[in-house]
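User: I'd like to learn how to read a structure like this one. Could you walk me through it, feature by feature?

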Amino acid sequence: MTAYTLATLPAFALKVRKIADAVVSQAAVNILVGIKTGPSLAREGRREPGTIPLDNAGLRNSLQSTLYGSSALTGRGEDAAILVAQSMTAGDVARFAWGGPLALYARIQHSGGRGIQGTFWIDVAANRWPAAVAGAVAKAKAEITG
Amino acid sequence: MTRTEIVALLSGPLEAAGLGVPVAWPNVGSDSSSPRIDVDWSDPDRSDITVALDAPMERGRLILTAVVGESEDDGDANGNALADALAALYPAGLRLMGSETLVTLNQPAIIRAGYRDGPEWRVGVVIPYLATPL
């Protein structure tokens, strides 16, 4: 283990910041990749709780991701979402939203309506946030001590 | 800590509230009248951070939806009023204790923006909870 002194405090602060940045971005990636697309409605007709219902992929592809702050980023689609998540640093605010012109029915697919039950994939992802952070912390610890 | 007890504890405040609005419980009938309250559960996440792995925690969300008929005069007031009443049943800090389970509400209920669903207006109320064994 590295022993830090007052003289090397800046190096310690930089290391702590890099660890915090890594935990934030890894946890965000963990959450996003954990949101699965459900089975095809046309083929199986099931709405699996916690998943994004799949009809013609319009809803899944409507994901709009925005990273606010000095490193502002915005993009559409799953690849853009991962890029935004990986670009996050400690203290950043990012926004991930589904719907818009590509999927006007996103609210109903998520929260229910028109006689169908919502799958609430955002709420399920929120439930997993502490576990996503714990996983990222464990990974960061392994990198430090390994 | 059982799923049965968690559901029973969280359903209690709504059952006892007597809001005078029909409640559409999961897998019970198919009430489509309005106003009504739709009850949904998000898939919870369970974890156990103890060495002995004998103290699981469950983190989940109870989702209540206030469903009201469309109203040109009241706008979203009726839906918001019912949503406020539901949120008031589950204040932050509420602790619900059963025989094996403690359910704690660590944050206030989240009232989502309403949206139109045909002739109805829906306002979601999300109640995050943490369940732990006694």
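Analyst: Let's start with a term: a salt bridge is a side-chain nitrogen of Lys or Arg within 4 Å of a carboxyl oxygen of Asp or Glu. Here, Asp38(B) forms one with Arg122(B), with the closest N and O atoms 3.4 Å apart. Asp38(B) sits in strand S2 and Arg122(B) in strand S9 of chain B, so the pair ties together parts that are 84 residues apart in sequence. Salt bridges with shared partners also join Arg36(B), Asp38(B), Glu120(B) and Arg122(B) into one network.

Before we go on, some ground rules: this is a predicted model, where local features need pLDDT of at least 70, side-chain atom pairs count only at pLDDT 80 or more, and totals for chains, interfaces and linings use all residues. Residues are numbered from 1 along each chain as its sequence is written, chains are lettered from A and ligands numbered from 1 in the order in which they are written, and side-chain values use heavy atoms, leaving out hydrogens and water.

User: Are Asp38(B) and Arg122(B) buried or exposed?

Analyst: Buried means under 20% relative accessible area, exposed over 50%, and partly exposed in between (1.4 Å probe, protein chains only). Both Asp38(B) and Arg122(B) are buried.

User: How many salt bridges are there between chain A and chain B?

Analyst: Three. In one of them, the side chains of Arg114(A) and Asp117(B) meet at 3.1 Å, N to O. Arg114(A) is exposed, with a relative accessible area of 60%, while Asp117(B) is buried at 5%. Another salt bridge has the side chains of Arg112(B) and Asp123(A) at 2.7 Å, N to O. Arg112(B) lies in the loop between strands S7 and S8 of chain B and Asp123(A) in helix H5 of chain A, so this pair joins two chains. Asp123(A) has 0% relative accessibility and so counts as buried.

User: How do I read the size of the interface?

Analyst: It is often given as the accessible area lost when the parts come together. Buried area is that loss (1.4 Å probe), summed over both parts. Between chain A and chain B it is about 1400 Å², and carbon and sulfur atoms give 47% of that. Asp123(A) turns up again here: Arg107(A), Asp123(A) and Asn127(A) supply 38% of the area that chain A buries against chain B, more than any other three residues. By contact (heavy atoms within 4.5 Å), 17 residues of chain A meet 18 of chain B.

User: And strands? Which ones pair with S4(B)?

Analyst: Helices (H or I, at least four residues) and strands (E, at least two) are DSSP runs, numbered from the N terminus. Two strands pair if DSSP finds at least two bridges between them. S2(B) runs antiparallel to S4(B) and is joined to it by six bridges, with Trp41(B) opposite Leu62(B). S3(B) also pairs with S4(B) in the antiparallel sense, over three bridges; there, Asp45(B) has Arg59(B) as its bridge partner. S9(B) and S4(B) are antiparallel too, over twelve bridges, and Arg59(B) stands opposite Leu130(B) in S9(B).

User: How many of the residues in S4(B) are buried?

Analyst: Ten of its 13 residues, so-called "mostly covered".

Notes:
Buried area = accessible area lost by both parts, 1.4 Å probe.
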